[in-house]
Amino acid sequence: MIKKSRRTVSQGKPVKSSQVEMTELVLPNDTNQLGNLLGGKLMHWMDIAAAIAAQRHSNRICVTASVDQLSFHQPIKLGEVVILRASVNRAFGTSMEIGVRVQTENQLTGATKTANTAYLTFVAIDKQGRPTRVPPVIPETGEERRWFEEALKRRERRLILRTKKVK
Ligand SMILES: CC(C)(COP(=O)(O)OP(=O)(O)OC[C@H]1O[C@@H](n2cnc3c(N)ncnc32)[C@H](O)[C@@H]1OP(=O)(O)O)[C@@H](O)C(=O)NCCC(=O)NCCS
């Protein structure tokens with residue numbers, strides 16, 4: 001009989017094991033009166049893509065703890081395709097930073113544009129609803145190592161902000 005493998009949290013997982021690609025079509029119900037994608041709708045898609053990446057990495061239910069500052073640089077128009085790519089940049093104790101990169105595609109011209117990037121922090125939760133430890137991330141490429149290093153600096157800023165708000 002083959003024994004089931006039991007992964008311990010000390011074993012790391014590569015970034016590619018949490019990668020998510022989600023593709024959406026901007027429909028009339030997703031837009032405002034100007035035919036632009038609603039910011040809240042985009043945030044919803046980003047949250048879902050990030051949650052799937054966090055859960056792929058941790059194999060746990062994960063909740064959104066925070067979203068770093070999010071800016072909308074240019075409108076995304078009705079009929080455009082939105083491609084969201086998410087992966088875990090770095091895992092800490094029970095929390096993970098997820099990077100979500102948003103690209104738009106005009107299907108009539110084939111042109112693609114980067115719309116924005118956001119960083120979300122998710123916390124893995126156990127069956128009792130308590131934060132639970134997650135495996136470390138193993139960055140493999142130059143870009144993943146950069147995301148990994150920068151994630152630590154962003155976490156330090158986030159924790160300072162959190163302490164200030166709790167006071
Ligand atoms: C996120 C949550 C689980 C954290 O619980 P908590 O009791 O504050 O737990 P802790 O203080 O032990 O922190 C747990 C981890 O979350 C991180 N964390 C907590 N708040 C954070 C924040 N605002 N930003 C970034 N990380 C945060 C901590 O740094 C810690 O990470 P680490 O283990 O990697 O060091 C809890 O606040 C919660 O359930 N929030 C609601 C989540 C939710 O419903 N999300 C949907 C929003 S609509």
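Trainee: How many helices and strands are there in the protein?
Mentor: The model is a predicted one. From the N terminus on, its elements run β-β-α-β-β-β-β-β-α. The protein therefore has two helices and seven strands.

Trainee: What share of the residues in the protein is buried?
Mentor: The C-alpha trace spans about 55 × 50 × 35 Å along its principal axes. The protein exposes about 10300 Å², and carbon and sulfur atoms supply 54% of that area. Of the 167 residues, the buried share is 40%.

Trainee: Which element supplies the largest share of the largest nonpolar core?
Mentor: This core has 33 residues, and those with the most contacts inside it are Leu42, Val82, Leu84, Met96 and Ile98. At least two core residues come from each of β2 (20–25), α1, β4 (81–91), β5 (95–105), β6 (112–125) and α2 (142–166). The largest share, eight residues, comes from α1.

Trainee: Which residues does Leu84 touch, not counting residues up to four places away in sequence?
Mentor: Leu84 is one of the residues with the most contacts inside the largest nonpolar core. Its partners are Val20, Glu21, Met22, Glu24, Leu42, Trp45, Met46, Ala49, Val100, Arg101 and Val102.

Trainee: Is Met46 buried or exposed?
Mentor: Met46 lies in helix α1. Beyond its neighbours within four places in sequence, Met46 is in contact with Leu70, Leu84, Val100, Val102, Asn116, Ala118 and Leu120. Because its relative accessible area is 2% and the cut-off is under 20%, Met46 is classed as buried.

Trainee: How does Met43 count by its relative accessibility, and why?
Mentor: Met43 also belongs to helix α1, which covers residues 39–58. Leaving aside neighbours within four places in sequence, its contacts are Leu70 and Phe72. Its relative accessibility is 42%, so Met43 counts as partly exposed.

Trainee: How far apart in space are Met46 and Thr117, C-alpha to C-alpha?
Mentor: In sequence, Met46 and Thr117 are 71 residues apart. For the protein as a whole, residues 24 or more positions apart account for 71% of the contacts with a separation of 6 or more. The C-alpha atoms of Met46 and Thr117 are separated in space by 9.5 Å.

Trainee: Which backbone nitrogen lies 3.0 Å from a polar atom of the side chain of Ser18?
Mentor: Ser18 is found in the loop between β1 (13–14) and β2. At 0% relative accessibility, Ser18 counts as buried. Not counting residues up to four places away in sequence, Ser18 touches Ala53, Arg56, His57, Ala86, Ser87 and Val88. The backbone nitrogen in question belongs to Val88.

Trainee: How many residues surround the ligand?
Mentor: By class, the shell has seven nonpolar, six polar and three charged residues. At least two shell residues come from each of β3 (61–67), β6 and α2. The closest residues are Thr64, Gly93, Thr94, Ser95 and Arg162, and the shell numbers 16 residues.

Trainee: What percentage of the area that the ligand exposes when taken alone does the protein bury?
Mentor: A polar backbone atom of Gly93 is 2.8 Å from an oxygen atom of the ligand. Taken alone, the ligand exposes 940 Å², of which the protein buries 52%.

Note on methods
Residues are numbered from 1 along each chain as its sequence is written. This is a predicted model: local features need pLDDT of at least 70, side-chain atom pairs count only at pLDDT 80 or more; totals for chains, interfaces and linings use all residues. Side-chain values use heavy atoms; hydrogens and water are left out. Helices (H or I, at least four residues) and strands (E, at least two) are DSSP runs, numbered from the N terminus. Buried means under 20% relative accessible area, exposed over 50%, partly exposed in between (1.4 Å probe, protein chains only). Contact means heavy atoms within 4.5 Å. A nonpolar core is a set of buried Ala, Val, Leu, Ile, Met, Phe, Trp, Tyr and Cys residues joined through side-chain atoms within 4.5 Å. A residue is near a molecule or strand if one of its heavy atoms lies within 4 Å of it. A polar contact is a pair of N or O atoms within 3.5 Å; within protein, one must be able to donate a hydrogen and the other to accept it, and residues adjacent in sequence count only if both atoms are side-chain atoms. Accessible areas come from the Shrake-Rupley method with a 1.4 Å probe; for residues, only the protein chains shown count as cover. Ala, Val, Leu, Ile, Met, Phe, Trp, Tyr, Cys and Pro count as nonpolar, Asp, Glu, Lys and Arg as charged, and the others, Gly among them, as polar.
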